[in-house]
Amino acid sequence: MAALKHIVGSVAVITIRNPPVNALSPQVQVSLMEVLKDVTLDPSVKAIVLCGENGKFSGGADIRTFSKTDPKTDIKRMSLDDVNSVAERSRKPVVAAVEGVALGGGLELALACHYRIAHVKARVGLTEVLLGLLPGAGGTQRLPRLIGVPAALDMITTGKIVPAPVAVKLGIVDSVTEGSAVEEAIHLAQKVVGQPLESRRICSKPIQCPPNVDSLLNDAKVKLKKQFRGAESHQVCVEAIRAAVQLPFAEGIVKERELFLSLFNSDQAKACQYAFFAERSVAKWTTPSGANWKSASPQTIRTAAVIGLGTMGQGIAVSLAKAQIQVIAVEQDEQQLEKGSKAVTAILERETLKKQQFELAHKSDSFGSVTFTLDFNALKNADLVIEAVYENMALKKEIFQRLSSICKPGAFLCTNTSGLDIDEIASVTDRPHLVIGTHFFSPAHLMKLLEVVRGYHSSSTIISTVMNLSKVLNKVGVVVDNCPLFVGNRLLLPYINQAVFLLEDGRTPEEVDQVLEEFGYAMGPFRMSDLAGLDIGWRSRMEFGLTGPKLLPGAPVRQREGKRYSPLPDILCEEGRFGQKSGKGWYQYETVGGRNAARDPWVHNFLHEYRRAHAIKQKNVSQGEILEWCLYPLINEGFKVLEDGIASGPEDIDVIYNNGYGWPRHKGGPMFYASMIGLPRVLVKLEEFYKNNPDIPSLKPSNLLKALVKQGSPPLKEWRSQLGYPNSRL
């Protein structure tokens, strides 16, 4: 049985049993229904408690069953909503004992109970929107009736997960306990036996609407459209809540189901669910040598050091401290140390305030301490060191050579480089097997991605330790192999280059950005470059020898070593146009550091004069071609990364792009997107592009792409077998 019962006095305790998170699979739902009906009819049972095995109420629906479900048949049979209806209509009080998590369908089940008790460390949320869906078992109808439309709208449309102390403030749960939620629930159930239940049934509650509810819902759709560009589920969630506002409960449930079915088999839902599983699969890393996630146990990191307190170092130090790791932060001079320490302290103070507001200060664990110093000798007892100085190989090698003589023998040495050779850095140490790349993304205390770059000598132990550290830091770690620019930036290079070539050929920054933003990116390539700082890329190009020569006026071809190269970004930097930080870049800004990008007449005139000076004829490029011109070379580079063995599967690339590069999650990731639109289509277009532009190597189709098309374009989950790895980890 997936739902077990035992009797405590006159209380039937029903335990959901489906490890690891007690997912509400169809079998669990059938079992729950049977046990609920059984105890409802048992005259010796006066009250019911619902709980989950092993300290977890329920993580929600079993997503793995979705692909096996026919929404026109299976989903019309017994559903979780039927189980919820039986619980809610019971004449005996039903109390949910929420421990661990109550997410998605798990929270919907709890909402159908008459009372809810939560452990203080439990978390609750309706997360279906993140899977391209909406709560389909009454969540959009019950939650607004329980906590009001504005709060429910916020939770449902964002998939926000809230800790129990916040849930009790909102009114989602009745009380929290530091002891056993099950015991508290049994005690409450015994106490309320015989009391009227109608007021406890959420389906019977009138919905409390603010006077401007229509404007509230309409404004929410506008905001969500901007925040989640092109994503359908967020918009549809608003319409489901509108049904709760406008319709009686029973009719609202029908409308909710109708809207749920409209999303269920959509490409966006498939993409979001793929992304969900891909994030979990990358934890099961594999290397070409055969080492994998099972081959070594991670070491516990209690004390970590950060070298360099620039923007990246500050964020890394904050991330470590938030994870309750003791941090030693090192800088080269007093001025930089003071500046960095003030920034880190300010961020941690804001995080502490946030933690106090949302988790009750006296219940919360404190952050790890941060010690600021100029003394490298303070690192001698650190378990792990992360170097975060600027991208200069000589400087990094100098630091790692110094670390070898200072750090204890077993200390792990990490570099935050975004693309320099890990093996060259490791070569100057006395422990190359304990050196690895930890490529954080800015701002490091907020961004989820951690690219874990394995050097030739990196041991399974250090890979396992850093991957475990990524979880401790609440980040998504992805293991990749060492190559120039690694995976994320390697794919980014052709994407940015192609966007710049479009400017040479007659397009404007605004036109290109608009197309990519309509696709789903939060920012197009030029707005993104302005935000990151054009000087960052400029310095990197110089470090990697990628800047081009000055071009003579009238030169018909813009090439470097026989390859097309555009000096436009370099010229902007030479003009002091670094983006937001200088108040001007591809766009102009109201102030230095401003965020509102406006069309810049200087840039438009500059591009016009550049084309005239070099006799470049403008080309007519449609919006669809702009999208293909930018995305297909990026995808092609992804296939080359797989070919080279730098990533072990397409899901690694997709997780990197979903979490670090703004790829729209509802498109699944670059490799998933290629599989959805069809590999033959991508190949044909790349062949056409390359034929017309043989001086752009990134357009030459990958051998792997051609091989997969020749094989009939097998599903993405089978691509790994082409790379010498076992089939998909998904």
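Which residue stands opposite Gly-437 in strand 15? Thr-415 does.

## Basis of the model

This is a predicted model, in which local features need pLDDT of at least 70 and side-chain atom pairs count only at pLDDT 80 or more, while totals for chains, interfaces and linings use all residues. Residues are numbered from 1 along each chain as its sequence is written, and side-chain values use heavy atoms, with hydrogens and water left out.

Strands (E, at least two residues) and helices (H or I, at least four) are DSSP runs, numbered from the N terminus. Strand 15 covers residues 435-440, and six of its six residues are buried (under 20% relative accessible area, with exposed over 50% and partly exposed in between; 1.4 Å probe, protein chains only). Val-435, Gly-437 and His-439 point one way, and Ile-436, Thr-438 and Phe-440 point the other way.

Two strands pair if DSSP finds at least two bridges between them. Strand 14 (residues 412-415) pairs with strand 15 in the parallel sense over three bridges. Strand 16 (residues 449-454) pairs with strand 15 in the antiparallel sense over four bridges; there, Val-452 is the bridge partner of Thr-438.

## Salt bridges

The whole structure holds 30 salt bridges (a side-chain nitrogen of Lys or Arg within 4 Å of a carboxyl oxygen of Asp or Glu). One of them joins Arg-564 and Asp-505 at 3.5 Å, N to O. Arg-564 lies in strand 19 and Asp-505 in the loop between helix 17 and helix 18, so the pair ties together parts that are 59 residues apart in sequence. Both residues are buried.

Glu-628 forms a salt bridge with Lys-685, with the closest N and O atoms 3.6 Å apart. Glu-628 belongs to helix 23 and Lys-685 to helix 26, 57 residues apart.
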